[in-house]
Amino acid sequence: MTGSADPAAGPGPGGRAPTVVAVPAALREQLFTPAAWDRLRSVADVTVLEEHTDRDALAAVLPAARILVTAWGTARMDADLLAAAPHLELLAHTGGAVSPYAGEEVFARGIRVTQAGAAMARSVAEVALAFTLALLHRVHRFDHALRGGADWDRAAAAPPRHEILGCPVGVIGASRTGRAYIALARALGARVSVHDPLLTEAEAAELGVRKAALADLLATSRIVAVHAPALPETHHLIGARELALLPDGAGLVNTARSWLVDEEALVAAVRTGRIDAALDVYDAEPLPAGHPLRGLPNVLLTPHQAAATVECRQALGDSTVDEIVRYVTGRPLRHTVDRTALARVE
């Protein structure tokens, strides 16, 4: 732990806001470039907490804090921790969903909450596009076959392959990431349909997509990419009935949340070989070594790393610092969330 932990309330040296950065060293180096760190320290009297998962360690550095920076794994700010933070005004999360880090009590006390999720959209969308291309060209099937020792002719056997030009692609959820993916897919010539109850016809026209009911989208898409938010009403939005609507040879891409897809139903569907899937998210993470998804030749897997590019991590840090600078200098925040964000399931 470094920096100032002066228990007195109020601004730090030079009028800087007492700020706790509860982010471990390895991740901190990925998130904050030297320029971003210097910018943060220009407005904040920083205390770094390496033991970010340790509730007692966090409580010990909170008494003077006006601002708390959280990361994946930081202890959740509930009533007990808030009691140790009488001067806390802003919780700035370096990721997207804030529900694992901010309890209802945070909003009840009027503490502002901001997050950096918008910075993830491009990176996750690029992985979803990479998955799309891999499924269309059956790259994963060829790789599995060759690595598994299949002879050349057997390895070359695969269902029909397709280009993305003119390909019917369905997107479930016109979220920030969904819109980034739409732009990439359309730039390569895909014909995109979108299911999102909140998407207006005018917005669909602006995006250059066709609005579609879920059943219609599933039945008419060669690739379906899931980008919906993880809300109570979207739990297992894609189940056995929905998977059965996909055409033979179709592919499902999920870089969002496993919450959205019934994993057992998906395993059963891909086991038949009728459809393929590419996944970055799972019900159990880490994915157990004996999980059936690991052994299926028509499934492409990555270990929840879609937002882990160098550029994305630095964009998350830059966004977080920008919000803190805006707050300390009295300017409006760009990425605040209210208590409805707690309904998002992680």
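## Starting at Val 224

Let's begin with one residue and its surroundings. Setting aside residues within four places in sequence, Val 224 is in contact (heavy atoms within 4.5 Å) with Gly 170, Ile 172, Leu 217, Leu 218, Leu 246, Gly 251, Leu 252 and Val 253. Val 224 belongs to strand S10; helices (H or I, at least four residues) and strands (E, at least two) are DSSP runs, numbered from the N terminus. With a relative accessible area of 0%, Val 224 is buried, a word that stands for under 20% relative accessible area, while exposed means over 50% and partly exposed lies in between (1.4 Å probe, protein chains only). From Val 224 to Val 192, 32 residues apart along the chain, the C-alpha atoms are separated by 9.7 Å.

A word on how to read all this: the model is predicted, so local features need pLDDT of at least 70 and side-chain atom pairs count only at pLDDT 80 or more, while totals for chains, interfaces and linings use all residues. Residues are numbered from 1 along each chain as its sequence is written, and side-chain values use heavy atoms, with hydrogens and water left out.

## Two nonpolar cores

Now for the cores. A nonpolar core is a set of buried Ala, Val, Leu, Ile, Met, Phe, Trp, Tyr and Cys residues joined through side-chain atoms within 4.5 Å. The largest one has 30 residues, and Val 21, Val 23, Phe 32, Trp 37, Leu 40, Val 46 and Ile 324 have the most contacts inside it. At least two residues of this core come from each of strand S2 (17–22), helix H1 (25–31), helix H2 (34–43), strand S3 (44–48), strand S4 (67–70), strand S5 (90–93) and helix H14 (310–328). Helix H14 gives the most, with six residues.

The largest cavity holds about 50 Å³ of space. On a 1 Å grid over the protein atoms alone, a cavity is a set of points where a 1.4 Å probe fits but cannot get out, and lining residues have an atom within 4 Å of a point. Grid points are joined across faces, edges and corners, and a volume is the space filled by probe spheres set on the points. The lining of the largest cavity is made by Asn 254, Ser 258, Val 261, Glu 263, Leu 266, Leu 279, Val 281 and Leu 293. These lining residues divide into five nonpolar, two polar and one charged; here Ala, Val, Leu, Ile, Met, Phe, Trp, Tyr, Cys and Pro count as nonpolar, Asp, Glu, Lys and Arg as charged, and the others, Gly among them, as polar.

Tyr 282 touches several residues, including the lining residues Ser 258, Glu 263 and Leu 293. Tyr 282 sits in the loop between S12 and S13 and is buried, at 6% relative accessibility. Its C-alpha atom is 9.3 Å from that of Asn 254, 28 residues apart in sequence.

## Backbone details

The loop between strand S12 (276–279) and strand S13 (299–301) also holds Pro 286. The peptide bond from Glu 285 to Pro 286 is cis, with omega near 5 degrees.

Two histidines have a positive phi. For His 236, phi is near 50 degrees, a positive value in a residue other than glycine; His 236 lies in the loop between strand S10 (223–226) and helix H12 (240–245) and is partly exposed, at 31% relative accessibility. For His 304, phi is near 50 degrees too; His 304 is placed in the loop between S13 and H14, and its 32% relative accessibility makes it partly exposed.

Thr 177 is part of helix H9 (residues 176–187) and counts as buried, at 17% relative accessibility.

Arg 339 is found in the segment after H14 and is partly exposed, at 40% relative accessibility. Leaving out neighbours within four places in sequence, its contacts are Glu 104, Phe 107 and Ala 108. The C-alpha atoms of Arg 339 and Glu 163, 176 residues apart along the chain, lie 43 Å from each other.

How many disulfides are there? A disulfide is a pair of cysteine sulfur atoms within 2.5 Å, and by this rule the count is zero. Cys 167 is buried, at 0% relative accessibility, and Cys 312 is buried with a relative accessible area of 3%.

Technical notes. On a 1 Å grid over the protein atoms alone, a cavity is a set of points where a 1.4 Å probe fits but cannot get out, and a pocket is an open set with protein on both sides within 12 Å along at least five of seven lines; lining residues have an atom within 4 Å of a point.
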